[in-house]
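Morning, everyone. I'll take a few minutes on one structure, so please have a look at it first.

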Number of protein chains: 2
Amino acid sequence: MENIEVVYRINVPESQISDFAESVMLEQSVETPLNVALRYPFVRERMLGHVLNITPEAEAGFRVTIALPVETAAVDPAQLLNVLYGNSSLHEEVVLLDFTLPPSVKAGFSGPRFGIDGIRRRTGVADRPLTCTALKPVGLTVEELADLCRRFAEGGIDMIKDDHYLGNHPFSPFEERVQACQQAVDEVADRTGHRAVYCPNLSGTPGQVFRQAAFAQDQGVGAVMAAPMLLGMPFFFDLVRSHLEIPVLAHPSFAGSERIREDTLQGKLFRLYGADAVIFANYGGRFSASKEVCAATAAALRADWPPYAPSLPVPAGGMSAARSRELVDFFGPDTMLLVGGSLLEAGPQLTARTRAFVDSVKEAAAPAPENT
Amino acid sequence: MENIEVVYRINVPESQISDFAESVMLEQSVETPLNVALRYPFVRERMLGHVLNITPEAEAGFRVTIALPVETAAVDPAQLLNVLYGNSSLHEEVVLLDFTLPPSVKAGFSGPRFGIDGIRRRTGVADRPLTCTALKPVGLTVEELADLCRRFAEGGIDMIKDDHYLGNHPFSPFEERVQACQQAVDEVADRTGHRAVYCPNLSGTPGQVFRQAAFAQDQGVGAVMAAPMLLGMPFFFDLVRSHLEIPVLAHPSFAGSERIREDTLQGKLFRLYGADAVIFANYGGRFSASKEVCAATAAALRADWPPYAPSLPVPAGGMSAARSRELVDFFGPDTMLLVGGSLLEAGPQLTARTRAFVDSVKEAAAPAPENT
């Protein structure tokens, strides 16, 4: 019999931890009093979880590992979340730290379809960190966005993503925007030989998003962006599996406040549900992420986890080209650095500053000259 | 020009609050440095938010009210969440407390299609609190679930919902389960005159859930259940608006850990996105919810908020019939009490215990006999 192993941090006094762990196990498997579950042989043998392990955590509380049967989780991509952290999310004492999946659950998930290698093939960047920027602020017209796109592409950037606030606005409708921005990168590619990947943001209901995905692919875009927690994880899963033949970049909007350890949500779960690249709030920028959390998220995205391809980490949030060397040293080559506002501040010098950013990443990634 | 007003609690020292509030405003509107936003007249005038108010909070931190332009939020049901709490969810210092919406945003949301009155019409319960129970544990066969359903219906319960762990399992496939359970309540209605509403759980990808909704309605079920945060709010919105002609009960799975005040997420947002009734963790049960939080959630669901119909509060989570009077006194008549495991513990006496639960609610709601 196969189990999912789920690791929670449970913050209760030692006198309560044993009962609390047992109650979380019941909550996350049969959700009835034990005597009700025990009445049915199939439920007793196949649906009931068990507490595997309780150890004190360094900071506070306890690290509790619970084995949960696969039967519920394996059914659909909503049920896996339900089993990992459905009702237990309602306990403020409980944080989801980690999980391991047996083959029967993994069989339901394909993970990234492109991953790091696929994104490298699409951008033609074989061996250095990639560079990315964002079209913003929301409020620009289609022409203004396409002009930004053109200038970023002329600066040699690898990927140009929409801001996550770009929806289907009256002042820059989705279809017109996508068409104009893709034409801009195509035109630069024809003229200069450098083909930037334009990555529009998909947003809305399933019907709206699936239509956006079809339109964008018809226009020849190289990737799309979506926010898994904003759309919902089962919706994101379906988008990736049934509606996309190009890579997808996951945006962290609405994901930050879950009591799920960052590397587990934005690293492991986003990757499992199909993100080829994952944007996350970097240390030292606008957000208060720590180096440790960022390193753990990057590690979860790239970890050896067969059969899943590794996802590309995309640290972001108030970065600047001045930090390229530091960030390349910290995150290594299989990374895409996302710098948005700090390039846009260059105004008329946007193309030059973009080129300086790309060059700084190339330099940072080049092997140091030998000391002869 | 219309604005959304969003209220956050921001937990930073007084020396930082002014700058931090300004940075949250930028993050939630233009997401660029201010000098970039100011360059474009349309962005400056129509997309930029402003900080309205900063006051110290009693416990800690500050209550900050920010006006955000409607332009981004009004576009689709994902963008509203993006504007309310997208990137700001990544700041652990920031809690979403409340929001108010102008007419142009409200125009995009219908709220509950049935609400309290609609559920009363469907159950034929005009003036007392309603009663609800759950089919569980997961692992039962279709026959076992249908048998439970029949016995609950014979006990006079108003609504019988699937456990949220019931998906499309090999051992109780969705279609067979829904057919058998609906037949069970139909058969009891024909025989006894009491028609319980059977409410199956919808779970999976958009494609799966929309097919489940169509099948369940073809079978004549009276309501369905779905977990908005598990599926994703824009997916839930679309389910309600485009795929359902019967009431929908919202389940709180995966909703508990957001840094959004409970009455704002499970009360206001679930209602805005279309929940006719909302299950929430009650005080004094398996979860550590406080009386204040429960009262606030019920109040948000029933508050006067034109044009939205009020939603039915459904306190749940380790309740028992012994608490009917207390809970009816606390929540008042426009409430549905959900008791699951404690009825199931009755085993062969399930019908009798269900009847006792329903009777206890009727008694608790009856006017006290006059003292003559």
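I'll start with E27(B), which sits in helix α1 of chain B, residues 14–27. Helices here are DSSP runs of H or I with at least four residues, strands are runs of E with at least two, and both are numbered from the N terminus. Is E27(B) buried or exposed? Its relative accessibility is 3%, so E27(B) counts as buried; buried means under 20% relative accessible area, exposed over 50%, and partly exposed in between, with a 1.4 Å probe and protein chains only. Leaving aside neighbours within four places in sequence, E27(B) contacts Y165(A), R286(A), F287(A) and N87(B), where contact means heavy atoms within 4.5 Å.

A word on conventions. This is a predicted model, in which local features need pLDDT of at least 70 and side-chain atom pairs count only at pLDDT 80 or more, while totals for chains, interfaces and linings use all residues. Residues are numbered from 1 along each chain as its sequence is written, chains are lettered from A and ligands numbered from 1 in the order written, and side-chain values use heavy atoms, without hydrogens and water.

Now chain A. Its open sheet has four strands in the order β2-β3-β1-β4, with antiparallel pairing; two strands pair if DSSP finds at least two bridges between them. β2 (50–56) and β4 (94–100) of chain A are at the edges with a single partner strand each, so one side of each has no neighbour in the sheet.

Strand β1 of chain A, residues 3–10, is joined to β4(A) by six bridges. There, I10(A) has V94(A) as its bridge partner.
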